[in-house]
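Take a walk through this protein with the model open beside you.

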Amino acid sequence: MSRTTDVVAKDRNQGKNQLRVGRLVKAHGLKGALKLELYTDNPERRFTPGAEFTLQVPEASPWHGKTVTVREYRVMNGNPVVFLNDVDDREGAETLVRAILWIDQDVDEVEDDAWFDHQLVGLDVFRDDVVIGKVARVEHFPAQDLLIVRAGEAEILVPFVKAIVPTVDVAAGRVIVTPPPGLFEELPDTADAGEPEGSDASE
């Protein structure tokens with residue numbers, strides 16, 4: 001699992017399984033390049049020349065319903081950068097900022113720490129070896145993905161990041177979480193913690 005996770009979404013595009021592999025975060029230079037936020041552990045394989053991506057953009061975007069094709073991928077000053085066909089200047093690149101890139105994924109294809117949504121839904125969620133709920137669904141957002149965990153009647157939004165979800169074991173049917181205090185329960189009432197001793201003594 002990448003820090004922002006390589007979570008595979010199903011049925012986004014005409015019933016095909018697709019993998020979210022990156023987000024275009026900023027125009028770079030004057031020749032149409034875009035800096036990438038990577039959601040894949042193998043960008044050199046994903047962003048080869050000719051690779052085609054489905055775009056997740058707002059409906060109002062001129063790119064809605066379109067695809068883009070990689071012209072070149074390189075690392076510049078430590079940052080992953082991609083050049084796309086038909087995006088030849090900074091103005092064109094600016095129209096793609098914040099777009100999320102999805103690629104068709106073979107069901108049998110395996111990428112390290114990547115899961116289909118349907119593989120995660122229904123898994124038991126463990127904390128300290130105790131089942132505290134089940135994964136109800138996965139929500140995908142530009143910043144990160146969320147596991148929606150049903151715990152009793154409540155739904156808890158769990159950031160799907162390594163620090164909080166260190167282990168996903170599909171074969172065992174479980175997810176292990178190490179949530180911060182208060183994520184799955186109310187924090188202890190500390191309102192009286194600073195009350196001076198003897199303050200309730202009768203005169």
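A pocket is found on a 1 Å grid over the protein atoms alone: it is an open set of points where a 1.4 Å probe fits, with protein on both sides within 12 Å along at least five of seven lines, and its lining residues have an atom within 4 Å of a point. Rolling a probe the size of a water molecule over the atoms shows where empty space is left.

A word on the source. This is a predicted model, in which local features need pLDDT of at least 70 and side-chain atom pairs count only at pLDDT 80 or more, while totals for chains, interfaces and linings use all residues. Residues are numbered from 1 along each chain as its sequence is written, and side-chain values use heavy atoms, without hydrogens and water.

Start with the largest pocket. Eleven residues line it: 11 in total, with Gln 56, Val 57, Pro 58, Arg 98 and Ala 99 nearest its centre. Its volume is about 160 Å³, where volume means the space filled by probe spheres set on the grid points, joined across faces, edges and corners. The lining has seven nonpolar residues, three polar and one charged. Here Ala, Val, Leu, Ile, Met, Phe, Trp, Tyr, Cys and Pro count as nonpolar, Asp, Glu, Lys and Arg as charged, and the others, Gly among them, as polar.

Now the rings. Rings of Phe, Tyr and Trp (its six-membered ring) pair if their centres lie within 6.5 Å; planes under 30 degrees apart are stacked, over 60 edge-to-face, the rest tilted. The count is two aromatic pairs. Phe 47 and Tyr 73 form a stacked one, with 5.6 Å between centres and 20° between planes. This pair links distant parts of the chain, 26 residues apart: Phe 47 is in the loop between helix 1 (43-46) and strand 4 (52-56), and Tyr 73 is in strand 5 (residues 67-76). Helices (H or I, at least four residues) and strands (E, at least two) are DSSP runs, numbered from the N terminus.

Are these two residues buried or exposed? Buried means under 20% relative accessible area, exposed over 50%, partly exposed in between (1.4 Å probe, protein chains only). Phe 47 is buried because its relative accessibility is 2%. Tyr 73 is buried too, at 17%. Ring pairs join Phe 47, Phe 53 and Tyr 73 into a cluster.

Finally, the backbone. Asn 77 is not a glycine, yet its phi is positive, near 55°. Asn 77 sits in the loop between strand 5 and strand 6 (79-84). At 75% relative accessibility, Asn 77 is exposed.
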